[in-house]
Amino acid sequence: ERERLVELVQGEGMRYVTFNAPPSALLEQSFLTGVVQKHRVTLLSTDTPCDHSNTLALLPGPRLVMSVDEETRERLGLECSPCPLSHRGAPHCYLVNIPLLPSLFHPGTPLYERVQLAFAERVASSPFVGVCTDTAGRYVWPTFPRGASAREERVVAPSVYTLPR
């Protein structure tokens, strides 16, 4: 495993994608079934402080993890827990963890509709950074939802850099 990592970082580089899209676009059925539920996707919203605003991450599994403010938490009506970054006495952000399994999360289910509505009303468009791989760990260029603009980036380490053992 270490040798493969060294080869990637010092050879072709680690590839990742940056893109802009409204968060509701990430819940489009074609993106969910064609990318999120088919590959290992990790996407993180950027340029938003996670301790007091609405931020989100798509994680392999697949899962949607959101850090939401009090108003969005009330609007969603979903089970959440206080964010560890919040003040103990008066939490001002909450974590929501939603499994994106096809049987539980698709258009028409109450969970899907609540999250889509909250995204449309409460979560602003944001830049995202992420990576999408197949089950063997090979980089995959995902098919992005409508309204997304994307570009591929690479991180290449200098050949003199050695990874710690």
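In the predicted model, isoleucine 98 touches Pro62, Arg63, Leu64, Met66, Leu78, Phe105, Leu111 and Val115, leaving aside residues up to four places away in sequence. Ile98 is also listed, together with Leu64, Met66, Phe105 and Val115, among the residues with the most contacts inside the largest nonpolar core, which has 33 residues. Two or more residues of this core come from each of strand S1 (14–21), helix H2 (29–36), strand S2 (40–45), strand S3 (55–59), strand S4 (63–69), strand S6 (93–99), helix H4 (110–122) and strand S7 (126–133). The most is given by H4, which supplies five residues.

The search for aromatic pairs over the whole structure returned two. One is formed by phenylalanine 19 and phenylalanine 128, whose rings are stacked, with 5.3 Å centre to centre and 20 degrees between the planes. This pair links distant parts of the chain, since phenylalanine 19 belongs to strand S1 and phenylalanine 128 to strand S7, 109 residues apart. Phenylalanine 19 has a relative accessible area of 2% and is therefore buried, the cut-off being under 20%. Phenylalanine 128 likewise counts as buried because its relative accessibility is 2%.

The other pair consists of phenylalanine 105 and tyrosine 112 in an edge-to-face arrangement, with a centre-to-centre value of 5.1 Å and 65 degrees between the planes. Both phenylalanine 105 and tyrosine 112 are buried. Phenylalanine 105 is thus found in an aromatic pair, among the residues with the most contacts inside the largest nonpolar core, and in the contact list of isoleucine 98.

A further ring interaction involves a charged side chain. The charged end of arginine 73 sits over the ring of tyrosine 94, at 4.6 Å from the ring centre.

Note on methods
Residues are numbered from 1 along each chain as its sequence is written. This is a predicted model: local features need pLDDT of at least 70, side-chain atom pairs count only at pLDDT 80 or more; totals for chains, interfaces and linings use all residues. Side-chain values use heavy atoms; hydrogens and water are left out. A nonpolar core is a set of buried Ala, Val, Leu, Ile, Met, Phe, Trp, Tyr and Cys residues joined through side-chain atoms within 4.5 Å. Buried means under 20% relative accessible area, exposed over 50%, partly exposed in between (1.4 Å probe, protein chains only). Helices (H or I, at least four residues) and strands (E, at least two) are DSSP runs, numbered from the N terminus. Contact means heavy atoms within 4.5 Å. Rings of Phe, Tyr and Trp (its six-membered ring) pair if their centres lie within 6.5 Å; planes under 30 degrees apart count as stacked, over 60 as edge-to-face and the rest as tilted. A charge sits over a ring if NZ of Lys or CZ of Arg is within 6 Å of the ring centre and within 35 degrees of the ring normal.
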